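User: Could you take me through this model? I would like to start with how its parts are named.

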Amino acid sequence: MIAVLGLVVGVVLGLVFEPSIPDAWQTYLPIAVVAALDAVFGALRAYLDGIFDDKVFAVSFVSNVLIAALIVYLGDQLGVGGQLSTGVIVVLGIRIFSNAAAIRRHVFHA
Amino acid sequence: MTAGARATARPDHGTAYTGLLTEIMSSTLDADYQAAADRARELGRPRRPPQRTAAALVVLLFGMMLAVSALRTQQLRPATAVERSQLVAQIHAREDRLDALHSQVSALEVDVAAVQTRAADRREIQRRTDAAVTSLAAVTGAGAVTGPGVRVVVSDAPGAVGSPSGGVILDSDLQALVNALWTAGAEAISINGNRLTSLTAIRFAGRAITVDYHSLRSPYVVEAVGDPQTLPARLLETPGGQAWLGLQQNFGIGFDTQPVDSLVLPADPILELHHAQPVVPR
């Protein structure tokens with residue numbers, strides 16, 4: 001419950017204060033969001049599995065975001081930023097869908 | 001490495017790739033959760049009560065990222081739309097310009113066609129004028145002519161020069177001969193290669209006959225372009241011809257008329273008017 005509250009508060013804070021981010025980071029923010037989404041779904045599944053650990057969640061969240069941004073940054077420097085973004089999105093997308101399926105099994109027992 | 005070894009190596013690659021995909025598909029749960037849970041169980045520690053605050057902070061961060069990212073995309077959209085509408089406006093402007101240029105091209109094509117027609121007309125006029133000039137040049141003596149005709153060779157009576165016997169051809173005799181040839185139907189006449197024109201005078205100057213200011217001596221060769229069949233006979237029928245027959249018989253003056261198949265009469269090299277102005281018909 002407190003997590004959902006945190007999500008709502010975070011969205012509201014972001015919309016209200018519109019924190020300015022450096023232009024250089026703007027390209028990587030969407031990728032970072034998708035990576036964060038993967039970490040959140042992973043955490044939700046772990047919570048439903050009963051093995052949730054907030055330290056693991058925080059670490060996986062931060063590392064997911066950083067690694068995804070780093071990969072795309074590296075791709076940009078090598079001239080294959082678009083392809084690497086696609087690759088990262090595909091892999092993270094598969095993971096998100098699989099986690100979502102596991103969560104669905106937990107919630108609906110189906 | 002041999003070909004056989006490579007062949008055996010290939011299936012391994014296939015399984016490796018399949019394994020990678022399977023790995024991605026199956027092990028979606030971060031193994032860290034399981035590892036942390038296992039370690040906690042091994043240490044016999046009771047599971048730590050999940051500290052909701054930390055998780056809430058992380059989720060809050062996630063929410064902010066989500067909001068900011070969405071917001072930025074929203075903010076960028078108007079700029080893209082403006083760019084797009086500008087491009088569309090540019091396209092329309094260029095299309096209008098293209099249409100204008102197209103209509104200009106068609107207008108110019110019409111102009112070009114008109115000018116070409118006019119040029120063709122001018123060329124036709126030019127051609128007719130050239131033809132007229134050429135035929136007029138033949139008539140006036142400004143241009144050389146060729147054609148059949150007669151050659152009349154007249155000469156002073158032998159031993160007549162310097163004697164008062166009357167055996168010398170006078171300028172009036174030559175004038176009479178030329179007039180007789182014109183009367184008989186000659187179309188162009190030359191005397192000793194001097195073409196007769198409307199400006200040509202035949203007169204005595206000193207003791208010689210000058211034609212077109214060239215002094216000539218006997219014999220005088222008068223060439224006339226005309227019908228070689230009728231010209232000699234008609235020449236003799238004219239009063240001038242009769243007079244010349246008289247001269248031939250009475251004074252021994254040479255008078256020899258011969259039809260010629262092809263004569264070439266040169267142009268008068270100096271044929272210009274100083275006072276007379278052509279009247280241009282309107």
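Analyst: Helices (H or I, at least four residues) and strands (E, at least two) are DSSP runs, numbered from the N terminus. Residues are numbered from 1 along each chain as its sequence is written, and chains are lettered from A and ligands numbered from 1 in the order in which they are written. This is a predicted model, in which local features need pLDDT of at least 70, side-chain atom pairs count only at pLDDT 80 or more, and totals for chains, interfaces and linings use all residues.

User: Where is N192(B) found?

Analyst: N192(B) sits in the loop between β2 and β3 of chain B. Its phi is positive, about 50°, although N192(B) is not a glycine.

User: And D212(B), in which loop does that lie?

Analyst: D212(B) is in the loop between β5 (208-211) and β6 of chain B. D212(B) is not a glycine either, yet has a positive phi of about 55°.

User: Is D212(B) buried or exposed?

Analyst: D212(B) is buried, with 20 other C-beta atoms within 10 Å. A residue is buried if 20 or more other C-beta atoms lie within 10 Å of its own, exposed if 12 or fewer, and partly exposed in between, with C-beta atoms placed from the backbone. N192(B) is partly exposed, with 15 such atoms within 10 Å.

User: Which peptide bond is cis?

Analyst: The bond from S218(B) to P219(B) is cis, with omega near 0°. P219(B) belongs to the loop between β6 (214-216) and β7 of chain B.

User: What is the strand order in the open sheet?

Analyst: The order of the 5 strands in chain B is β3-β2-β7-β1-β8, with antiparallel pairing; two strands pair if DSSP finds at least two bridges between them. β3 (194-195) and β8 (254-265) of chain B are at the edges with a single partner strand each, so one side of each lacks a neighbour in the sheet.

User: How many bridges join β2 and β7 of chain B?

Analyst: Strand β2 (residues 188-191) and strand β7 (residues 220-225) of chain B pair over 4 bridges. A188(B) is opposite V225(B) in β7(B).

User: Changing topic, how many residues of chain B are in contact with chain A?

Analyst: 31 residues of chain B are in contact with 39 residues of chain A, where contact is defined as C-beta atoms, placed from the backbone, lying within 7 Å. On the chain B side, α3(B) gives the largest share, 19 residues.

Technical notes:
Two residues are in contact if their C-beta atoms, placed from the backbone, lie within 7 Å.
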